[in-house]
Amino acid sequence: MAGGYIGFGYLAYLKVVSGIPHEWSSFATLLGAAVFPIALICILLGGGELVTSNMMIMSLGRLAGRISSKMLLRNWVIVCMGNLVGTLAMAFSLGYYVGMIEGSVAEKTIVVAEAKVHMDFGRAFVSAVACNWMVCMGAWLHFTAKNTTG
């Protein structure tokens with residue numbers, strides 16, 4: 001489910017940013033960034049296993065000696081495959097079949113993809129670390145909360 005939620009979050013981001021005039025691109029990016037975390041909230045409240053936060057939690061379990069390396073690797077393979085299947089299912093069903101990535105959304109998808117492909121290694125690395133850091137921070141805050149509203 002986590003991969004599906006992330007796929008849905010990204011489709012929602014694309015829908016928001018592509019529906020706002022180009023002159024407001026900074027505002028569109030802000031609104032898109034505000035919509036995407038809803039996917040993470042759905043994952044955490046629904047008990048899903050997102051690869052990013054799972055790797056943090058399971059690594060901590062391994063370092064604490066609560067799980068074996070074999071259990072760690074088994075979990076990572078299952079979660080990675082599950083996230084991939086969920087993301088592809090969401091991309092196909094809502095993106096392609098339902099048509100959420102047509103027109104201006106398709107154009108924005110291509111612009112985003114090209115920007116990521118042409119990003120130099122240093123910027124891509126720092127961006128990836130920052131993104132994963134924020135996801136892990138969200139998961140950590142969720143796991144330390146005493147109740148859902150916490």
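Colleague: I'm looking at H1 and H2. Is their crossing left-handed or right-handed?

Modeller: The crossing of H1 and H2 is right-handed. Keep in mind that this is a predicted model.

Colleague: Which residues of H1 and H2 make the contact?

Modeller: From H1 you have Ala 12, Tyr 13, Val 16 and Val 17. H2 answers with Ala 28, Thr 29, Leu 31, Gly 32, Ala 33 and Val 35. Sorted by class, that contact has eight nonpolar residues, two polar ones and no charged ones.

Colleague: Let's move to H7. At what angle do H3 and H7 pack?

Modeller: H3, residues 37-46, packs against H7 at about 35°, and the axes are 11 Å apart. The crossing of H3 and H7 is right-handed. On the H3 side, look for Leu 40, Leu 44 and Leu 45; they meet Val 135, Gly 138, Ala 139 and His 142 of H7. This contact splits into five nonpolar and two polar residues, with no charged ones.

Colleague: What about H4 against H7: how do their axes cross?

Modeller: H4 runs over residues 51-63 and H7 over residues 121-144. Their axes come within 9 Å, crossing at roughly 65°, and H4 passes H7 in a right-handed crossing.

Colleague: Which residues meet there, in H4 and in H7?

Modeller: Thr 52, Ser 53, Met 56 and Ile 57 come from H4, while H7 brings Asn 132, Val 135, Cys 136, Ala 139, Trp 140 and Phe 143.

Colleague: Where does UniProt put the feature "transmembrane region"?

Modeller: The unreviewed UniProt entry places it at residues 27-51, 72-98 and 124-143. Residues 27-51 are 80% helix and 0% strand, and the end C-alpha atoms lie 29 Å apart.

Colleague: How much helix is there over residues 72-98?

Modeller: That span is 96% helix with 0% strand, and 37 Å separates its end C-alpha atoms.

Notes:
Residues numbered from 1 in each chain as written. Predicted model: local features only at pLDDT ≥ 70, side-chain atom pairs only at ≥ 80, totals over all residues. Heavy atoms only, no water. Axes fitted to C-alpha atoms, helices over the stretch in contact; angles between N-to-C directions. Helix = DSSP H or I, 4+ residues; strand = E, 2+ residues; numbered from the N terminus. Left-handed = near helix turned anticlockwise from the far one by under 90°. Contact = heavy atoms within 4.5 Å. UniProt positions renumbered as here; feature names shortened; annotations may be inferred. Nonpolar A, V, L, I, M, F, W, Y, C, P; charged D, E, K, R; others polar.
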